[in-house]
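Take a first look at this protein chain. Keep the sequence beside the 3D view as you read.

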Amino acid sequence: MFVKYLIIGGGVTGLGASYRLRDEGENDYLILEQGDHSGGLASSFRDEKGFWWDIGGHVQFSHYPYFDQAMEHAIPREGWLEHERESWVWLHNRFVPYPFQNNIRYLPTDSLMRCLRGLLSTWKSDNNEVPTDFKEWILKVFGVGVAEEFMLPYNYKVWAYPPEEMAYQWIGERVAVIDVERILENLVYERIDASWGPNNTFKFPTYGGTGAIWSSIATIVGRDKIRLKQSVVAIDAEKKQVVTSSGETYRYEHLLSTIPVTKLAQIVKQVPAAISRIASGLRHSSSNIVGVGLKGRPPEDVGTKCWMYFPESNCPFYRVTVFSNYSRNNVPDPEVHYSLMTETSESPNKPVDLSRLAEDTVEGLRNTKLISDEDEVVSVWSYRAEHGYPTPSLERDDILDSVIPYLDKLGIHSRGRFGGWKYEVSNQDHSFMQGVEWVDWIRQGKVEETYKVHRSLEMSTHRARKHVAKEELSLRSPAKSV
Ligand SMILES: Cc1cc2nc3c(=O)[nH]c(=O)nc-3n(C[C@H](O)[C@H](O)[C@H](O)COP(=O)(O)OP(=O)(O)OC[C@H]3O[C@@H](n4cnc5c(N)ncnc54)[C@H](O)[C@@H]3O)c2cc1C
């Protein structure tokens with residue numbers, strides 16, 4: 001079979017590319033997806049007891065009008081719910097509003113003083129040295145108190161790699177900017193200084209979780225344009241031909257791949273072993289989602305919370321989403337049920353005993369007081385995404401700089417969360433637009449702003465980092481990492 005635009009992977013990036021092609025009046029495209037449904041990491045599932053789950057709580061961020069239009073096309077306005085992004089950190093047996101460093105007055109006195117001393121000493125410091133890694137960056141920006149109380153343990157739990165093995169240039173806008181004066185004012189006036197509020201809202205589908213959006217987009221691009229259970233196992237760039245595990249062959253004019261680039265480099269006939277070896281140096285972590293459906297009422301202080309961060313070692317997860325707060329339809333009976341969706345990271349560096357994870361999660365929910373003794377656990381749903389987070393490791397940009405242009409020259413364009421391996425442009429909106437912009441590049445020669453421009457800017461920042469003055473660093477901490 002010959003197809004003009006062949007897309008490997010039916011996740012958000014592949015759907016974005018096909019949505020654009022359809023929008024342009026192009027009909028000659030096809031998606032090959034290895035799974036039995038489209039949506040990839042942005043899929044949702046209904047468990048046997050009737051609870052809905054995402055693969056980790058998905059929040060709609062948007063940086064693009066085109067993405068916004070597509071969202072309204074997928075689900076009409078009345079099909080969305082709007083929520084305030086209310087997030088908290090749980091430690092020392094209490095909730096601290098997020099951003100953590102703005103609200104240190106909630107901490108026990110000794111911890112508060114440690115955090116304050118650290119913040120003041122970084123503020124007074126005239127150390128102009130540019131950090132070499134994420135750990136140094138955290139210590140330099142936040143001081144030792146906030147770093148050790150929250151930033152270092154939390155980031156290890158999220159990323160599953162030590163912060164000293166990670167770069168920090170990816171942080172970009174995923175930050176909450178604060179200043180010492182403001183922290184002091186918050187202390188003196190006993191103010192809550194949280195990142196939520198009337199202008200900080202997000203939308204969520206009323207029915208069917210995040211996956212409902214992508215299921216609708218799949219219908220728009222045409223179910224007949226998505227071949228399910230088609231796992232691509234070999235690509236010949238010269239013959240412009242793709243082979244699937246069931247032995248089917250597809251010839252193409254243009255090829256977009258959204259599968260992990262580490263895998264892609266292994267299956268393209270013309271990619272030499274040396275390049276494939278370089279690609280295999282990219283690191284990732286796996287995401288283990290355990291959804292716990294409960295009969296009972298959420299604890300009073302969970303109230304309207306959206307998600308919570310857990311830096312301590314009394315639970316395996318780093319984040320919990322109160323998924324029943326996203327939509328009452330996420331539980332079978334909203335009068336008697338609520339649901340908590342947990343995320344636990346895993347890597348060779350931070351192995352997880354999967355046989356115990358569900359049990360450890362429920363115990364962790366009790367340790368952190370999210371479940372009371374009266375609550376009855378009615379459902380436990382587990383999902384493991386081998387590729388969950390593309391790690392911004394120290395060597396990442398150099399690896400991508402060798403591998404992506406090599407594949408581009410072969411006419412094989414690797415984009416998306418793991419196709420492009422750039423965490424900072426791998427939310428749903430970025431991924432969707434990477435697909436859209438790939439189409440615009442191929443058809444109209446337009447620059448791919450999200451992947452390529454961002455990438456080259458980032459790399460020049462990386463190269464210039466020795467010359468970055470201290471003043472350019474502001475006091476920041478990561479916003480929701482997704
Ligand atoms: C825990 C977690 C929380 C997140 N939270 C948010 C959030 O709050 N907000 C947000 O905007 N984004 C969030 N994201 C990111 C969001 O899920 C991604 O942006 C998006 O799903 C990436 O889409 P993709 O198409 O690039 O990749 P994927 O979803 O990985 O799609 C790739 C597809 O390729 C298929 N495939 C793989 N190999 C083959 C093969 N050999 N042949 C054929 N098909 C193949 C896979 O089955 C998959 O369907 C989160 C992600 C995770 C893991």
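**The whole chain**

This is a predicted model. The protein chain has 13 helices and 18 strands. Its radius of gyration is 23 Å, close to the 23 Å that the globule rule gives for 482 residues, so the chain is as compact as a globular protein of that length. Along the principal axes, the C-alpha atoms fill a box of roughly 70 × 60 × 40 Å.

How much of the chain is buried? Buried residues make up 46% of the 482 residues.

**The core**

The largest nonpolar core holds 117 residues. Which of them touch the most other members? They are Ile 7, Val 89 and Ile 217. Helix H4 (residues 134–159) gives this core its largest share, 12 residues.

Setting aside neighbours within four places in sequence, Ile 217 is in contact with Leu 15, Tyr 19, Ala 70 and Ala 74.

**Helix H2**

Ala 70 and Ala 74 are also among the buried residues of helix H2 (residues 65–74), together with Phe 67 and Met 71. An α-helix has 3.6 residues a turn, so residues three or four places apart point the same way.

What does the other face carry? Turned away from the buried side of H2 are the exposed residues Pro 65, Gln 69 and Glu 72. The cover over the buried residues of H2 includes helix H1 (12–23), helix H6 (211–221) and helix H12 (428–444).

**Helix H10**

Helix H10 (residues 354–367) has 14 residues. At 1.5 Å a residue it should span 20 Å, and its end C-alpha atoms are 19 Å apart, which agrees. Yet H10 has a kink of about 30°, centred on Asp 360.

Leu 357, Thr 361, Val 362, Gly 364 and Leu 365 are buried in H10. What do the buried residues of H10 pack against? Their partners are strand E13 (284–295), strand E16 (337–346) and strand E17 (376–390). Just after H10, Lys 369 takes a positive phi of about 65°.

Tyr 29 lies in strand E2 (residues 29–32). His 337 sits in strand E16. Buried or exposed? Tyr 29 is buried, with 23 other C-beta atoms within 10 Å. His 337 counts as buried too, with 22 C-beta neighbours inside 10 Å.

Each has a partner from elsewhere in the sequence. The table gives the pairs.

| Pair | Separation along the chain | C-alpha separation |
|---|---|---|
| Tyr 29 and Val 3 | 26 residues | 6.0 Å |
| His 337 and Gly 293 | 44 residues | 7.1 Å |

The contact lists below leave out residues up to four places away in sequence. Tyr 29 is in contact with Val 3, Lys 4, Tyr 5, Ile 7, Ser 18, Leu 21 and Lys 225. One of these, Ile 7, is among the core residues that touch the most other members. His 337 touches Gly 293, Leu 294, Lys 295, Ser 324, Val 331 and Pro 332.

How values were computed: Residues numbered from 1 in each chain as written. Predicted model: local features only at pLDDT ≥ 70, side-chain atom pairs only at ≥ 80, totals over all residues. Helix = DSSP H or I, 4+ residues; strand = E, 2+ residues; numbered from the N terminus. Rg over C-alpha atoms; globule rule 2.2 N^0.38 Å. Buried ≥ 20, exposed ≤ 12 C-beta atoms within 10 Å, placed from the backbone. Core = buried A, V, L, I, M, F, W, Y, C linked by C-beta atoms within 7 Å. Contact = placed C-beta atoms within 7 Å. Expected span 1.5 Å × (residues − 1). Bend = angle between axes of the 7 residues up to and from the residue.
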